[in-house]
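Colleague: I am new to reading protein models. Could you walk me through one, feature by feature?

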Amino acid sequence: MSYHQSHGHQPHGHNPYPPHNHGHYQQQDGYYEGDPYERRRHDDGADNVANIIRVVVGLVVTVFTLHVLFVIFDANQGNEFVSFVYLLAKTLVLGLGDVFTPDDALLGVVLNYGLAALVYLVVGQLVIKAIRRR
């Protein structure tokens, strides 16, 4: 018996380990062929777009929340920040500002801008999921 056989080593001609599979990455339905860095760049791009959408949706929801709070607490309409938020909210509401028309105008603002915020959140999440599936 040779030294290699007695110590569990294989002779030089036989490698007990499978060869490295450079550039081929196993997926559920087979192997991904190509540059792993290219694949990662695509994933990073999708993640970046998803994060941008998440931030934009968050800002829109924040504008709607501030607008509702300013209306509820009767904020000074002469204040530049308050009037900027009002104008931005009115622009971003996209036709959802008068879906509900209750007798109480305050309730109408809460319902309509709350609905608009919900629509932005749902649509934003659907777009993010669609982007990440690619």
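Colleague: Which helix gives the most to the nonpolar patch?

Modeller: Helix 4 does, with 4 residues. Helices here are DSSP runs of H or I with at least four residues, strands are runs of E with at least two, and both are numbered from the N terminus. A patch is made of residues with over 30% relative accessible area and no salt bridge, where like charges are joined within 9 Å and nonpolar side chains (Val, Leu, Ile, Met, Phe, Trp, Tyr) within 5 Å. Here the nonpolar patch covers about 740 Å², and its members include Leu 69, Ile 72, Phe 100 and Leu 111. Accessible areas come from the Shrake-Rupley method with a 1.4 Å probe, and for residues only the protein chains shown count as cover.

Colleague: Before we go on, what kind of model is this?

Modeller: It is a predicted model, where local features need pLDDT of at least 70, side-chain atom pairs count only at pLDDT 80 or more, and totals for chains, interfaces and linings use all residues. Residues are numbered from 1 along each chain as its sequence is written, and side-chain values use heavy atoms, with hydrogens and water left out.

Colleague: Thanks! What is the pattern along the sequence?

Modeller: The protein chain reads α-β-β-α-α-α, which comes to 4 helices and 2 strands.

Colleague: How do I read burial, and is Phe 100 buried or partly exposed?

Modeller: Buried means under 20% relative accessible area, exposed means over 50%, and partly exposed lies in between (1.4 Å probe, protein chains only). Phe 100 sits in the loop between helix 3 (80-92) and helix 4, and it is partly exposed because its relative accessible area is 37%. Asn 112 in helix 4 is buried, at 2% relative accessibility. Asn 112 touches Leu 96, Gly 97, Asp 98, Val 99 and Phe 100, leaving aside residues up to four places away in sequence; contact means heavy atoms within 4.5 Å.

Colleague: Which residues touch the most other members of the largest nonpolar core?

Modeller: A nonpolar core is a set of buried Ala, Val, Leu, Ile, Met, Phe, Trp, Tyr and Cys residues joined through side-chain atoms within 4.5 Å. In the largest one, with 22 residues, Phe 64 and Tyr 113 touch the most other members. Helix 2 provides the largest share of this core, 10 residues.

Colleague: How many aromatic pairs does the structure hold?

Modeller: There are 3. Rings of Phe, Tyr and Trp (its six-membered ring) pair if their centres lie within 6.5 Å; planes under 30 degrees apart count as stacked, over 60 as edge-to-face and the rest as tilted. Phe 64 and Tyr 113 are edge-to-face, 5.7 Å centre to centre with 65° between the planes. This pair links distant parts of the chain, 49 residues apart, with Phe 64 in helix 2 and Tyr 113 in helix 4. Phe 64, Tyr 113 and Tyr 120 form one aromatic cluster.

Colleague: And how many salt bridges does a search of the whole structure find?

Modeller: Side chains of opposite charge can pair when their charged atoms come close. A salt bridge is a side-chain nitrogen of Lys or Arg within 4 Å of a carboxyl oxygen of Asp or Glu, and the search finds 1. Asp 47 pairs with Arg 132, with the closest N and O atoms 3.3 Å apart. Asp 47 lies in helix 2 (residues 36-72) and Arg 132 in helix 4 (residues 105-133), 85 residues apart. Asp 47 is partly exposed at 27% relative accessibility, and Arg 132 is partly exposed at 42%.
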